[in-house]
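Have a go at each before reading its solution.

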Amino acid sequence: MGYHAIITGASAGIGASLARELSSRGYSVGLLARRAEPLEALAEELNAGGGQAAWRTADVTDREGLGEAVAELEAELGPCELMVANAGVIGLQFADTFDGGEVARIMDVNFNGVVYSIEAVLPGMLERGRGQLVAISSVAGFRGLPTWSAYSASKAAVSTFMEAMRVELGPRGIACTTVQPGFIDTDLVKGNKNPMPFLLTPEELSRRVAGAIQGRAGEFTVPWQMKGLMWLTRRLPNWLYDRVMYSSVPKSRRGPKP
Ligand SMILES: NC(=O)c1ccc[n+]([C@@H]2O[C@H](COP(=O)([O-])OP(=O)(O)OC[C@H]3O[C@@H](n4cnc5c(N)ncnc54)[C@H](OP(=O)(O)O)[C@@H]3O)[C@@H](O)[C@H]2O)c1
């Protein structure tokens, strides 16, 4: 039986693509998401191709249900050696229609979902003294993005959380890897009207991410052009950052001038 990886959000986009990539590299893969059909189809595809895959449905915001699904996958495929907390959602927030409940929902999936995914496998990894935790964060967490405020905040939280975990868990044999992709061509960004520079396919991303996982990288920002752009963006003074970023707020959403 191969090294066992569990991937949340494996029914589509980056998660499905990473499952294919890890399977091709010899991992057995446990697939989690809410929709059964695409998970079943992906598991069949991987098993037919000589890999080893199993799937369970789970909502990452349901702490108990997620824990049960992970335990079932471990019973089937063996102890989880690699958790990829990938499930995520996006949503726009505009000042005039601001909805705190929607912000909380995005935080729940994107941040609490990562925490619960880690919680489900951490005790076993600590007992064995080895393992790897990977969270798919985003470059959107580097600075506050207007109209993506909740998404941006959730990814900043994920990256900071993972950094803290990395410091504590590394010496105990558990590597923590934070992946911060730029724009990836998946359903998540289909409705985005703003430019998406350096867009990668999920397959291109997965190849690079799998390499970073196997190298047990602490932090991996991809592509390098986006890493450079973010390095610059982080150094912009607030007055300039605000001016540049305001152009991404749709004119129809700017409200009357004071
Ligand atoms: N696309 C990008 O440009 C980009 C850039 C940087 C980071 N990311 C991050 O990469 C991750 C994957 O995004 P993607 O682009 O692959 O998006 P996607 O194609 O929309 O896929 C999202 C995945 O998350 C799952 N999911 C959503 N809510 C869930 C929940 N409550 N419980 C369990 N699973 C849930 C979905 O499955 P079900 O609907 O079946 O549950 C689906 O498998 C996200 O964390 C995203 O923030 C994406």
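**Exercise 1. Is tyrosine 151 buried or exposed?**
Tyrosine 151 has 8% relative accessibility, so it counts as buried (under 20% relative accessible area; exposed is over 50%, partly exposed in between; 1.4 Å probe, protein chains only). Tryptophan 148 is buried too, at 13%.

A quick note on the model: it's predicted, so local features need pLDDT of at least 70 and side-chain atom pairs pLDDT 80 or more, while totals for chains, interfaces and linings use all residues. Numbering runs from 1 along each chain as its sequence is written, and side-chain values use heavy atoms, without hydrogens and water.

**Exercise 2. Classify the pair of phenylalanine 111 and phenylalanine 161.**
Start with the rule: rings of Phe, Tyr and Trp (its six-membered ring) pair with centres within 6.5 Å; planes under 30 degrees apart are stacked, over 60 edge-to-face, the rest tilted. Here the centres are 5.6 Å apart and the planes at 90°, so it's edge-to-face.

**Exercise 3. Which ring does arginine 253 lie over?**
The test is CZ of Arg (or NZ of Lys) within 6 Å of the ring centre and within 35 degrees of the ring normal. Arginine 253 sits over the face of phenylalanine 94, 3.8 Å from the ring centre. Likewise, arginine 234 lies over phenylalanine 142, at 4.2 Å.

**Exercise 4. Which members of the largest nonpolar core touch the most other members?**
Such a core joins buried Ala, Val, Leu, Ile, Met, Phe, Trp, Tyr and Cys through side-chain atoms within 4.5 Å. Among its 33 residues, the answer is Leu32 and Leu133.
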